[in-house]
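Please read the following account with the coordinates open beside it.

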Amino acid sequence: MAGRLLGKTFATLSLSVALASVPVKSSGCLSIPACRDSFSLWRFHLNSNIMSGSNGAKETSHKKARTSPYPGSKVQRSQVPNEKVGWFVEWQDYNPVEYTAVSVLAGPRWADPQISESTFSPKFNEKDGHVERKSQNGLYEIENGRPRNPAGRTGLVGRGLLGRWGPNHAADPIITRWKKDRRGNKITHPISGKNILQFVAIKRKDCGEWAIPGGMVDPGEKISAALKREFGEEALNSLQKSSAEKRELEEQLHKLFSQEHLVIYKGYVDDPRNTDNAWMETEAVNYHDETGEILDNLTLEAGDDAGKVKWVDISDKLKLYASHSQFIKRVAEKRDAHWSENSETDCGGHSSKSPRKPKAKRGAGAEKKAVI
C-alpha cells in the first residue's frame with residue numbers, strides 16, 4: 001500500500017496527465033526497487049516537461065515514438081492512446097507488435113545480439129565494458145530481461161532500427177552564428193526586434209527531413225569527441241577529404257569546439273525509431289561563433305548520412321526531425337535571439353512581455369514560412 005501511494009505521489013509531481021490521474025500498477029521489476037523506479041519515472045517526466053515547456057509530457061515528449069509505419073518499413077505499430085502511454089496505467093490487453101530490422105539482426109558491430117542468445121549478458125543501468133547502458137534520465141526498469149522505455153508504451157517491442165537494447169546514445173552539435181548583411185552588421189527581425197540566429201542544418205538521407213547534424217556516440221567515445229566528429233562528417237564531408245585537408249579542417253574544428261559552449265539538453269528524445277525496449281537519448285550542445293571568423297573559413301559540404309547541408313535562419317516556422325525544433329528553440333532563448341513573431345515566451349511557455357499591439361497586415365510577397 002505504501003509503495004502504491006508513493007508511486008501515485010511521484011506520478012502527480014511529474015505533471016503528466018496520463019500518470020497523475022490513474023491508480024499505480026505494481027512494476028513487477030525484480031532488479032530495481034519500486035520506489036527507485038517511481039522516482040526515475042518522475043524525474044523522466046519532469047525533464048521532458050522542462051524540455052518541451054508543456055504541461056503534458058504525453059503529448060510532446062512521446063508522440064513521434066508512436067507513429068506508423070515504423071521508419072524504413074511497412075510495420076504498423078499497435079495504437080497507443082495518450083491516456084495509456086504511461087506504464088502506471090493498467091492495460092491487460094496491450095499487444096505490441098514485435099519488430100527488429102534485418103540490418104540489426106545481421107549483427108553489425110554497432111548492434112547488440114538478441115536477448116535470447118546465451119552468450120549475451122548485458123549489464124543494464126551501468127557502463128557495460130565500452131558500451132554505455134546508463135540512461136541520462138535515471139534508472140529504467142527491466143522486465144522479462146528487456147529494458148522498458150521510460151517514456152511509456154510505443155506499440156512496438158524489439159529494437160526496430162536501433163542497435164542497442166535500452167538507451168542508444170547520440171550527440172547533436174548545434175553550430176550557430178548571427179545572420180549579417182553585406183557590411184557585416186547583424187540583421188534584426190522587423191517584428192520581434194531581436195537579432196536573427198542561424199544554424200547548420202542537414203537534410204537526412206533516410207527520411208528527407210531537415211535536422212541537426214548529429215549521430216551515434218561510438219563505444220568508449222567521449223561526447224565532446226562525438227560532437228566534433230559528427231559535425232565534420234555530416235556538414236563538412238570530412239570522411240572524403242585528403243590527409244592535408246583533414247589536418248587543416250581539424251585545426252578549424254578545434255578552434256570552434258574548444259570555445260565555451262551551452263549544453264542545451266541531455267536525455268530521452270522523442271524519436272520515430274523508439275520502441276518499448278530501445279530508445280534514443282542525446283546530448284545537444286550549442287557552439288556559437290560570435291564574430292563568424294571561424295565559420296567563415298569552413299565550407300559546408302554534405303557527407304555521410306546527410307544529403308544536403310546549409311545555413312538556416314532560426315524561427316518557430318522550422319519543421320525539423322524528432323525533437324530538434326525544441327532544441328533549436330532553447331538555443332534561441334539562451335542567445336536572446338529571434339524565435340517568434342508573436343509575444344516572446346520563456347521556457348515554461350509563459351509570456352515574458354506584454355502583448356504587442358496588432359500589426360498591419362504584411363504584403364502579399366511577405367514570407368510566411370521558413371524555407372530550408
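The protein chain has eight helices and 13 strands, where helices (H or I, at least four residues) and strands (E, at least two) are DSSP runs numbered from the N terminus. The model is a predicted one, in which local features need pLDDT of at least 70 and side-chain atom pairs count only at pLDDT 80 or more, whereas totals for chains, interfaces and linings use all residues. Residues are numbered from 1 along each chain as its sequence is written, and side-chain values use heavy atoms, with hydrogens and water left out. Of the 372 residues of the protein chain, 48% count as buried, a class that means under 20% relative accessible area, with exposed meaning over 50% and partly exposed in between (1.4 Å probe, protein chains only). If contact is taken to mean heavy atoms within 4.5 Å, then 70% of the contacts between residues at least 6 apart in sequence join residues at least 24 apart.

Among the helices, H6 (residues 223-235) and H7 (residues 243-257) pack at an angle of about 130°, with their axes 11 Å apart; axes here are lines fitted to C-alpha atoms, for helices over the stretch in contact, and angles run from 0 to 180 degrees between N-to-C directions. That angle makes H6 oblique to H7, because angles under 35 degrees count as roughly parallel, over 145 as roughly antiparallel, 65 to 115 as roughly perpendicular and the rest as oblique. On the H6 side the contact is made by Leu227, Lys228, Phe231 and Gly232, and on the H7 side by Glu250, Leu253, Leu256 and Phe257. These residues divide into five nonpolar, one polar and two charged, given that Ala, Val, Leu, Ile, Met, Phe, Trp, Tyr, Cys and Pro count as nonpolar, Asp, Glu, Lys and Arg as charged, and the others, Gly among them, as polar.

Gln252 is also found in helix H7, and it is buried, with a relative accessible area of 14%. Leaving aside neighbours within four places in sequence, Gln252 is in contact with Ile294, Asn297 and Leu298.

Beyond its neighbours within four places in sequence, Val97 is in contact with Val75, Gln76, Arg77, Ser78, Gly155, Leu156 and Val157. Val97 and Gly158 are 61 residues apart in sequence, and their C-alpha atoms are 8.5 Å apart in space.

Most residues other than glycine have a negative phi, and most peptide bonds are trans. The peptide bond from Ser68 to Pro69, however, is cis, with omega near 0°, and Pro69 has its place in the loop between helix H4 (57-60) and S1. Asn144, although not a glycine, has a positive phi of about 55°; Asn144 is found in the loop between strand S4 (142-143) and strand S5 (146-147), and at 75% relative accessibility it counts as exposed.

In helix H8 (residues 324-334), the buried residues include His324, Phe327, Ile328, Arg330, Val331 and Ala332. Just after H8, Asp336 takes a positive phi of about 55°, although it is not a glycine, and Asp336 is partly exposed, with a relative accessible area of 49%.
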